[in-house]
Amino acid sequence: MLHPNSYEPYSSVSFQHKQPTSPHPDSVDDDYNKSNTRHREAFLDALMESRSKIITPPLLTKPTKKRRWLWRRYRQHILFAFFIFIFLCYCFSNTIAIYFAFFRIKVDNALFDRGWIPCGVLRKQPMLYVQDTHHVQVVWEMNCPKEMTISWNKKSRSDIQEDVQQQVDPVILDERHALYKATIGPLDITDDYVYTIETQQPKRLMAQYTFSWHATAREPIRVAAMSDNQFGLRTFVALLRRIKNVDYLLHAGDAVQNYPSLRQWQTDFVGPLTYFGLGQRMPMIYAHGNHDHDPTYEYHYTRVSPSSDPWFAFSMAGGAIRFVVLDSNLDWEQQDTWLKHELASPAFQNAEMRVIVVHVPPFIEYWDPEGWFEKGQSEWGAFVKDRFVPLFEKYGVDLVISGHQHNYERGKRNGIHYTIIGGAGGDLDLERVEDWKMYEARSMEFHYVILEFIPPKIQGHPWELVWDTFGLDGSKIDSMKVYSKSRIPVYELAEPIIDQGAVTGDTIEELTYNDLLDDNPELEEENIDISIDP
């Protein structure tokens, strides 16, 4: 038995009997050792490289700081460019809005023409036209015929007062133009009126608008006046954008270049007026010009009267204001007779402000010299000066508003103010052909006019007409004030008016208005037949 203190765990004997549990490095051959070392070193190198990429982010390296600085500079440049863009949009907002409206109107018309709009859509929004003292005519168009109704009522109506409703039949102009016309009235008092247009099968609301009517109340009335916008859509759009807070529109003719062109009525007239919400809410006082004269007298897109006469008169503000609208295309005895009767009537003679609207001005000063001196265009509408002006002077007209001449002039002759407002878009007339020595103000730029009729605050004081003319940029070009005058009424028994309308039946005759072609190749491009049957 061994003594504990004599135990030798690592005695030479025990060590000799100990078996190795794993190969000792020295026991492996040199080739294996070298290969293992090489693989281990490669593994460690790869591991250290990967760990360095993870532990040391790019943002902490020196090149990354430069990239971060460049990114900040990039963001600053982007922000600066954004503010520059906003500033330019603000500076050119007017131009951008004009071109957007221009392309929107053109694209809408193209989509309708190609039939890409489904049936049952308003092609032309409703337009309002003054028909007489107590009636307004509404004109709209669908892209296909539908059963439609129009209803109207006072905005201030009571709950028990029912709307007046009328069914309207279409006039089919072609497969994509179904025209509707309806007359609202009688409108006997000053009020705001609401009208609603609906289809019946299925019943669907198409349009609903409100307009003001000043039949009786003596309160301020604002009218925006313009003329001769034909072939000047961008200019016309620019002018219409500036018209706000008015009650009525006045157009002195030549809304389009070629009357038979359905496209021009869409893009050059109705489209712009309704795009800005003017035509639907402001009744228009319309005088036909030489370019928008209809030889058939149907006048699809403008006002017509029950008598079919293109001339008419109406009163506002309880008879204090009287408008007379004439047709300078028609050198007819019927119009002369009617005008004498109207000017001598109590309605005209009792009016405090008396206004004439006629397209061709009596006293033209600017025109194309070749057409004026060589082609006889100086004779267009000459009867307005020769026969109408003496009547204006005799019966106490206050103001004559005309277009035709494409610029602006204002003057006074024998107590009557004559104005020419033909600058709504047509090419400007810059060459002088006459000098009447009567015009006090003129401007060779595009323009529109705001008329404001202001009633007296004290009984017996005169009415005031404020006339302001504005350019494309909204700056005021000209201004004047006209006051009503105390006059002795001129009542004379005029020749009786023909019972039948002057332009009905067989009374249509050869006209003295200028050739509708007007040497315009656009008509030939559209292959439009405008011949007048004898």
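I first wrote down that a residue is buried under 20% relative accessible area, exposed over 50%, and partly exposed in between, using a 1.4 Å probe and protein chains only. The model is predicted, with local features needing pLDDT of at least 70 and side-chain atom pairs counting only at pLDDT 80 or more, while totals for chains, interfaces and linings use all residues. Residues are numbered from 1 along each chain as its sequence is written, and side-chain values use heavy atoms, leaving out hydrogens and water.

Entry on ring pairs. I noted that rings of Phe, Tyr and Trp (its six-membered ring) pair if their centres lie within 6.5 Å, and that planes under 30 degrees apart count as stacked, over 60 as edge-to-face and the rest as tilted. I found 25 aromatic pairs in the structure. One of them joins Trp-265 and Phe-269 edge-to-face, with 5.6 Å centre to centre and 85 degrees between the planes. Trp-265 counts as buried because its relative accessible area is 1%, and Phe-269 is buried because its value is 0%. I then looked up Phe-314 and Phe-323, which are stacked at 5.3 Å centre to centre with 5 degrees between the planes; both are buried.

Entry on the cluster. I saw that ring pairs link Trp-265 and Phe-269 with Tyr-129, Tyr-259, Tyr-286, Tyr-299 and Tyr-301.

Entry on charges over rings. The rule I used asks for NZ of Lys or CZ of Arg within 6 Å of the ring centre and within 35 degrees of the ring normal. Arg-303 has its charged end over the ring of Phe-312, 3.7 Å from the centre, and Arg-234 lies over the face of Phe-102 at 4.9 Å from the ring centre.
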